[in-house]
Amino acid sequence: TSAQLFGIFIDARSDYLKNKSSSSGSDATNDLITLLHGVLNTEAALATADPLSIAAVDGNDTDNRWEVTYFTLICFEKIAVAFPATATNNYEMWKMVVKCLIHSHPWVKQVSSRIIGTHVSSMDPTSFANLAVHTPSKKKKNSRKSSTVGLTSVNNPSFIIHVQGSLYQLARNFCFQINIVEHQYNESVCALAIKTITWVIRAMQHFPHLCFEEDENDAVNYDDNNSEQGLRKNGSADDDDNDKCSKKTEGGPVLWLMKRLSNIAKNKGEKRRESVFKCFASFCTVCEGQFMIPHLKLMIEPLHRATREIENGDQYSNQRRQYRRNYQDKSSGSNNRSVEEQRILPSDVLQVLEDKCGTKEFLAAYAIVKEEAREKREERKREMAVELVADPKAAAKRKILKQEHEKQRKKRKVQKRRVDKGVFRTKTVLNYNKIVR
């Protein structure tokens with residue numbers, strides 16, 4: 001409630017804060033941001049604590065604690081609009097905003113993404129750090145806290161320049177937003193993530209040193225890593241937290257980001273793949289062809305995989321429909337439209353890549369992707385044949401699991417058809433939702 005009232009007060013009487021700061025000699029706005037940072041820091045610490053102990057302390061429902069973080073970020077967003085200079089210089093607050101990008105609640109993700117997106121949109125990713133001057137860091141030995149001294153710029157006080165490693169943190173956390181399970185997908189959050197990742201990759205291209213801490217060989221991490229684990233909780237489509245970028249990473253931060261996006265799109269998930277493919281298309285619109293050519297293979301591989309899976313699913317549907325002639329006239333049209341809609345985005349992105357990078361380079365990379373995919377299929381077949389002879393029990397177990405998976409897939413398909421036809425029986429709908437989740 002206090003954060004909400006502060007937000008309303010800033011909207012109505014921002015002039016009062018200006019007069020208060022000038023008359024008293026102290027910056028009232030900066031004091032308010034310090035209080036907001038303390039609230040976010042406390043909430044991040046509570047997110048890692050035992051839920052029972054939290055309830056015993058303050059008596060609040062732990063499931064509703066996201067509201068405190070949300071309204072605190074809303075208040076800071078209004079301060080950033082009314083007092084941009086004061087908000088920009090509070091680097092500790094910006095570090096907490098970056099951490100909130102991986103919060104478990106979509107509203108918190110959205111407002112933190114909006115704050116970051118507004119901040120970076122005011123800067124040119126190709127020149128925003130050109131005036132930064134390198135100065136010695138005052139970081140103590142064996143200190144776990146990340147340094148905020150090392151790069152200074154009078155004309156650009158952005159935290160991305162002054163908080164070393166923040167550019168990597170932005171890329172990693174926005175990738176986490178895209179790499180989400182299907183039922184937790186949020187279109188507005190992913191749209192903001194795609195827009196900001198497009199800015200980040202251009203900044204990585206021109207200023208890769210901003211992704212690393214000074215004199216650190218490993219991937220950067222802010223202090224309070226436990227708070228990030230608590231904010232994140234569940235929701236990622238995988239547990240690939242070991243995919244880190246360091247100074248020793250071959251190809252630099254840009255190659256790391258391309259690999260991360262490519263790996264995200266390899267796993268099945270229509271919404272997740274669409275977000276990654278839109279990232280690739282966005283890269284093509286703002287980046288030069290020479291920049292895209294070295295990463296063509298990483299972008300084509302998930303696009304080719306998605307196209308093959310859609311085609312294989314369409315062939316299977318055609319084979320099944322010939323045994324269901326009575327149902328064909330009712331469902332084949334809608335099913336074909338669905339398949340065509342799924343095929344449009346990967347095909348369009350492939351065409352954009354070809355136009356951007358040139359037909360020769362595109363076809364060469366596509367041929368390599370197809371050849372590697374064929375070799376992997378043959379290798380899997382050989383391994384399964386060897387397993388059938390060397391370990392019959394494991395082969396039988398694999399076969400049983402495959403049959404069970406196929407059974408569940410057919411059941412999902414039947415339930416979805418019933419819901420699409422308008423059979424809104426309570427039991428049918430509940431079973432469909434249970435299977436999907």
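## Helices and strands of the chain

The chain contains 20 helices and two strands; helices (H or I, at least four residues) and strands (E, at least two) are DSSP runs, numbered from the N terminus. This is a predicted model, in which local features need pLDDT of at least 70, side-chain atom pairs count only at pLDDT 80 or more, and totals for chains, interfaces and linings use all residues. Residues are numbered from 1 along each chain as its sequence is written, and side-chain values use heavy atoms, with hydrogens and water left out.

Of the 437 residues of the chain, 41% count as buried, where buried means under 20% relative accessible area, exposed over 50%, and partly exposed in between (1.4 Å probe, protein chains only). A contact means heavy atoms within 4.5 Å. Among contacts between residues at least 6 apart in sequence, 72% join residues at least 24 apart.

Helix H5 (66–82) has 17 residues and reaches 25 Å from its first C-alpha to its last, close to the 24 Å expected at 1.5 Å a residue. The expected span of a helix is 1.5 Å times one less than its number of residues. Buried residues of H5 include Trp66, Tyr70, Leu73 and Phe76, together with the charged-class residue Glu77.

Two packed helices are described by the angle between their axes and the distance between the axes. Helix H1 (residues 2–12) packs with H5 at an angle of about 20 degrees, and their axes are 8 Å apart. Axes are lines fitted to C-alpha atoms, for helices over the stretch in contact, and angles run from 0 to 180 degrees between N-to-C directions. H1 and H5 are therefore roughly parallel to each other, since angles under 35 degrees count as roughly parallel, over 145 as roughly antiparallel, 65 to 115 as roughly perpendicular and the rest as oblique. The crossing of H1 with H5 is left-handed, meaning that the near helix is turned anticlockwise from the far one by less than a right angle; clockwise would be right-handed.

In this contact, residues of H1 including Phe6, Ile8 and Ile10 meet residues of H5 including Phe71, Cys75 and Ile79. By class, the contact has eight nonpolar, three polar and two charged residues. Ala, Val, Leu, Ile, Met, Phe, Trp, Tyr, Cys and Pro count as nonpolar, Asp, Glu, Lys and Arg as charged, and the others, Gly among them, as polar.

## Helices H8 and H10

The axes of helix H8 (residues 106–121) and helix H10 (residues 166–178) come within 12 Å and cross at roughly 140 degrees. That angle makes H8 oblique to H10. Their crossing is left-handed. Lys109, Ser113 and Ile116 in H8 meet Leu170, Phe174 and Gln177 in H10; these residues divide into three nonpolar, two polar and one charged.

H8 has 16 residues and spans 22 Å between its first and last C-alpha, close to the expected 22 Å. Its buried residues include Val108, Val111, Ile115 and Val120. The cover over the buried residues of H8 includes H5, H10 and helix H11 (187–206).

## Helices H11 and H9

The 20 residues of H11 should span 28 Å, and the end C-alpha atoms are 29 Å apart, which agrees. Among the buried residues of H11 are Val189, Ile194, Trp199 and Met204. The buried residues of H11 pack against elements including H8, H9 and helix H13 (252–266).

Isoleucine 161 is found in helix H9 and is buried, with a relative accessible area of 1%. Its C-alpha atom is separated by 8.8 Å from that of phenylalanine 128, 33 residues apart along the chain.
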